[in-house]
Amino acid sequence: MGLDFAIDELLASGWTTLDLSGCECRNDGTFYPNVARVNREFSESGFALAIRHVQLFDCYRAEWRDGSGATVGAVVGKSEAEAAVYALAQLRRQMAAAC
């Protein structure tokens, strides 16, 4: 997948860079949220995000749960940043579909 794909998916979900606090910048000048910012956005939306390294496959798994502790979604990425950004993109799509 790659970080670039994850960023593109996040931007396609309607996420904007109006607030650049907690953002990183990729080579083409596009801003994206860092892991701490993604955690904050999950928390503000009422979800808990957990990211862990899966050593067997050398990847990162991002999993989010609702207030009751039920798993709502999960994604994997090559890096912690990739998994976090892609998870936020998927959460935003889930929330848009629920409306």
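Contact here means heavy atoms within 4.5 Å. Helices (H or I, at least four residues) and strands (E, at least two) are DSSP runs, numbered from the N terminus. The model is predicted: local features need pLDDT of at least 70, side-chain atom pairs count only at pLDDT 80 or more, and totals for chains, interfaces and linings use all residues. Residues are numbered from 1 along each chain as its sequence is written, and side-chain values use heavy atoms, with hydrogens and water left out.

**Helix H3**

Select residues 80-98, which form helix H3. The expected span of a helix is 1.5 Å times one less than its number of residues. For the 19 residues of H3 this gives 27 Å, and the end C-alpha atoms lie 27 Å apart, so the two values agree.

The buried residues of H3 are Glu82, Ala83, Ala84, Val85, Tyr86, Ala87, Leu88, Ala89 and Leu91. Against which elements do the buried residues of H3 pack? Their partners are helix H1 (3-12), strand E2 (31-33), H2, strand E3 (48-54), strand E4 (59-65) and strand E5 (71-77).

Two packed helices are described by the angle between their axes and the distance between the axes. Axes are lines fitted to C-alpha atoms, for helices over the stretch in contact, and angles run from 0 to 180 degrees between N-to-C directions.

Angles under 35 degrees count as roughly parallel, over 145 as roughly antiparallel, 65 to 115 as roughly perpendicular and the rest as oblique. H2 and H3 are therefore roughly parallel to each other. Their crossing is left-handed, a term for a near helix turned anticlockwise from the far one by less than a right angle, with clockwise being right-handed.

Show side chains at this contact: from H2, Val35, Val38, Glu41 and Phe42 meet Glu80, Ala81, Ala84, Val85, Ala87, Leu88 and Leu91 of H3. By class, the contact of H2 with H3 comprises nine nonpolar, no polar and two charged residues. Ala, Val, Leu, Ile, Met, Phe, Trp, Tyr, Cys and Pro count as nonpolar, Asp, Glu, Lys and Arg as charged, and the others, Gly among them, as polar.

**H1 against H3**

The H1 and H3 crossing is left-handed. On the H1 side, the contact is made by Leu3, Phe5, Ala6, Ile7, Glu9, Leu10 and Ala12, and on the H3 side by Ala81, Glu82, Val85, Tyr86, Leu88, Ala89, Gln90, Arg92 and Arg93. These residues divide into 11 nonpolar, one polar and four charged.

With a relative accessible area of 37%, Phe5 is partly exposed. A C-alpha distance from Phe5 to Cys25 gives 14 Å, for a sequence separation of 20 residues.

**The loops**

Move to the loop between E3 and E4, which holds Phe57 and Asp58. Phe57 is exposed at 61% relative accessibility, and its C-alpha atom is 25 Å from that of Tyr32, 25 residues away in sequence. Asp58 is exposed at 56% and has a positive phi, near 50 degrees, in a residue other than glycine.

Finish at Ser68, in the loop between E4 and E5. Ser68 is exposed, at 65% relative accessibility. The C-alpha atoms of Ser68 and Gly22 are separated by 28 Å, and the two residues are 46 apart along the chain.

Technical notes. Buried means under 20% relative accessible area, exposed over 50%, partly exposed in between (1.4 Å probe, protein chains only).
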